[in-house]
Amino acid sequence: MNDLFFITLISGIFVAAASGLTGSFLILRRMSLLSDALSHVALPGIALGIIFKFAPIWGGLAALFIGVFLIWLIENKTKLATESVTGVFFVTALAIGALIIPQQDLLEAFFGSVEKITFNQIIFQTAVAIAIIGLVLKYLKPLALFSIAPDLGTSVKISPAKMQLIILILIALTISIGISFVGVLLISALSIIPAATARNLAKSFNSFVYLSVILSVLSLSGGLSVSYVYGANAGIATVLISASLFGLSLFEKK
Amino acid sequence: MPGQTLLKVENLSVVIDDKKIIKDVSFELKKEEVLAIVGPNGAGKSILLKTLLGLFKTESGKIEWGKDVTYGYLPQRFHIDHYLPMTVEEFLKLKPNPKYSITKVMELVEIDKHWLHKNLATFSSGQLQKILLAWAIIDQPQVLLFDEPTENVDVISQESIYDLLHHLQDTLGISIILVSHDLSIVYHYANQVLCLNHAMVCYGEPHEALTNQNLSELYGDHAFFHHHHFDNHHHE
């Protein structure tokens, strides 16, 4: 096993854990497709990275934050559902991204390219993943309450706008660190599929969150290993493993 | 001490989306008192309750909670996603600053211990209300704001929740503000009643405040169709 693969794998475990945690709240909030759609918003930023030769992850992160902030702003102003506003943003971003990203780089942006992850990027991703995990653990109770019963949340002085913003920030951060592994199109492999599988299996909230994390970690480390051994695309392998686990969970459900 | 004023509301008005939902409402809540808010659907009862909680802005008027008065809230609706993976114990632990232990609060609302590890989604709406009541009192509030559900709860569960509230009021000295559409509940359990149809139609002790005239003003004359209108027709 070479060193770069090993540290990529370690970083992947943190990234997947953070994605699984975020994913579990997206499932509870019924915002599953949101992160999937939102991930496209990163494309114009990735494009700038490719054109101006800086790590695309920075461009992606900046684009996501601008996107998330605008969505939150428009949502609060117009009272349109988050998903509707995202719907407008993601096709626009997809079009802009596809227009300016060179053809040969487009596939990598869509499906991820583990081979191209640099050491600096690995350090950055791991740090952001740890920050995500910290943020979720800090706000675990209010986030959970807000997700299952917003009314009860507000009655104990939990601000819905603040919680919604935290969730959007979590999504943006999660997407930005997941993109290099699984690409823009397959991002839900790390967050939504594991959380959906966990919900099929879990009997309690704690087990739901833990399972979501474990399943995401399993999927990504499996995907990375398959890619290392057989040279397959890591993103695609991760999705297929994640989806197979989901398929198996359907049989477990009582 | 009994008789101490916990909440004083003066000339309260609430405007939502340019509509005046609550107009010039004033009342008081004293310790160990049960105040019922009655009125037709859409009269602003739930909004009034939520305004007291600070969930809506006041347009004018004052809401003065007494010094250090704490309050709990039971919402009208508690929609639980059928596949929500959360046990009763986990749910109760989500409440910030609990004062009672989970075991104690289960005892107070007469919930069976084996409910603790069961999933929230497996309970009926009547049972969920008891769980919500446990949630509402676990931090030992002095005032309980209870928004009566208008649907999905059967009569028996509804009666037992009122008996339970009554019992809690006796044993813990809790004051209650309850929103109800059922006048028999008001006669049974309330010391004070406030009739609300955007504006205040009546306020006082139930037997004095709920006069026929006030009720017909509150609900419209058709509510008394059978008593008056129908009889008159018959004799014409």
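**Figure 1. Chain A of the predicted model has 13 helices and zero strands.** Helices (H or I, at least four residues) and strands (E, at least two) are DSSP runs numbered from the N terminus, and along the sequence chain A reads α-α-α-α-α-α-α-α-α-α-α-α-α. This is a predicted model, in which local features need pLDDT of at least 70 and side-chain atom pairs count only at pLDDT 80 or more, while totals for chains, interfaces and linings use all residues. Residues are numbered from 1 along each chain as its sequence is written, and chains are lettered from A and ligands numbered from 1 in the order in which they are written. The radius of gyration of chain A, 17 Å, agrees with the value near 18 Å that a compact globule of 254 residues would have; the radius is taken over C-alpha atoms, and the globule rule is 2.2 Å times the number of residues to the power 0.38. Buried residues, those with 20 or more other C-beta atoms, placed from the backbone, within 10 Å of their own, make up 51% of the 254 residues in chain A.

**Figure 2. Helix α4 (residues 56–78) of chain A packs with helix α5 (residues 82–100) of chain A at an angle of about 140°.** The axes of the two helices are 9 Å apart, each axis being a line fitted to C-alpha atoms over the stretch in contact, with angles running from 0 to 180 degrees between N-to-C directions. That angle makes α4(A) oblique to α5(A), the class left after under 35 degrees (roughly parallel), over 145 (roughly antiparallel) and 65 to 115 (roughly perpendicular). Gly67(A), Ile71(A), Ile74(A) and Glu75(A) in α4(A) meet Thr82(A), Val85(A), Thr86(A), Phe89(A) and Ala93(A) in α5(A), where contact requires C-beta atoms, placed from the backbone, within 7 Å. By class, this contact has five nonpolar, three polar and one charged residues; Ala, Val, Leu, Ile, Met, Phe, Trp, Tyr, Cys and Pro count as nonpolar, Asp, Glu, Lys and Arg as charged, and the others, Gly among them, as polar.

**Figure 3. The contact between the chains takes 17 residues from chain A and 15 residues from chain B.** On the side of chain A that touches chain B, the elements giving two or more residues are α8 (140–148), α9 (150–155) and α12 (205–230) of chain A. The residues of that side divide into nine nonpolar, four polar and four charged.

**Figure 4. Chain B comes to nine helices and nine strands.** Its radius of gyration is 19 Å, close to the 18 Å given by the globule rule for 236 residues, so chain B is as compact as a globular protein of that length. Buried residues make up 35% of the 236 residues in chain B.

Conventions: Two residues are in contact if their C-beta atoms, placed from the backbone, lie within 7 Å. A residue is buried if 20 or more other C-beta atoms lie within 10 Å of its own, exposed if 12 or fewer, and partly exposed in between; C-beta atoms are placed from the backbone.
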